[in-house]
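Student: I would like a close look at one single part of this model. Please take me through it step by step.

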Amino acid sequence: MEQQGSDIIANRYKKFIKTVCETDIVYALQNHEGFATSASAHYENERGKPVDILCFWAENGRAKSCTINHWENYQITEIALVDFIENWGVGMENDGILAGIEFDQNMFGYEAKPLDLILALVAEIKATNKELPLQKFENIADLEKQAKEANG
């Protein structure tokens with residue numbers, strides 16, 4: 001993993017995958033200007049600036065614990081897992097934005113490339129024989145195939 005090298009952050013990411021696949025809910029923080037964002041500590045865009053990150057959590061309480069400092073005027077919002085995969089994941093990939101997974105109050109968390117995140121979620125869905133009512137893909141195999149092709 002090309003992350004901070006922290007087992008804690010990697011374990012939070014793994015727990016996120018399992019939890020959201022069990023609950024079918026991903027949490028984000030939102031205010032009147034949009035969703036909670038951060039800047040990548042690991043990736044830069046073509047202009048040498050940190051890549052933007054949209055932040056997500058698997059548990060309401062962890063998201064709520066981050067409504068301090070510059071996120072103090074944000075409210076928790078729920079995103080259905082199928083919507084997160086089909087719309088948010090694909091949209092972030094198209095926009096060149098990373099997914100910030102389980103960030104904490106110190107702005108440390110896992111920085112996931114959207115297609116890698118989608119594929120990790122697909123792997124967990126397949127491993128647990130979960131049914132996911134996809135709208136934009138024929139089935140989970142079609143989603144996986146297209147994500148792998150797009151991921152190179």
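Tutor: Let us start at the end of a helix and work back. This is a predicted model. G96 follows helix α3, and its phi is positive, near 70°. The helix itself covers residues 81-95.

Now check its length. α3 has 15 residues, and at 1.5 Å a residue they should span 21 Å. The end C-alpha atoms of α3 are 20 Å apart, which agrees with that expectation. Even so, α3 has a kink of about 25°. The kink is centred on W88.

W88 is also one of the buried residues of α3. The others listed with W88 are L81, V82, F84, I85, E86, G89 and M92. Look at the spacing along that list. An α-helix has 3.6 residues a turn, so residues three or four places apart point the same way. Keep that in mind as you trace L81, F84, I85, W88 and M92, which are among the buried residues.

What does the helix lie across? α3 lies across β4 (50-56) and β6. Its direction is at about 165° to β4.

Both strands belong to an open sheet of four strands, in the order β3-β4-β6-β7. The pairing in this sheet is mixed. At its edges are β3 (37-44) and β7 (110-112), each pairing on one side only. From one strand to the next, the twist averages 40°.

Finish with β6, residues 98-101. β6 pairs with β7 in the antiparallel sense, over three bridges. Find I101 there: Y110 in β7 stands opposite this residue.

Technical notes: Residues numbered from 1 in each chain as written. Predicted model: local features only at pLDDT ≥ 70, side-chain atom pairs only at ≥ 80, totals over all residues. Heavy atoms only, no water. Pairing = 2+ DSSP bridges. Helix = DSSP H or I, 4+ residues; strand = E, 2+ residues; numbered from the N terminus. Axes fitted to C-alpha atoms, helices over the stretch in contact; angles between N-to-C directions. Contact = heavy atoms within 4.5 Å. Expected span 1.5 Å × (residues − 1). Bend = angle between axes of the 7 residues up to and from the residue. Buried < 20%, exposed > 50% of the residue type's maximum accessible area, 1.4 Å probe, protein only.
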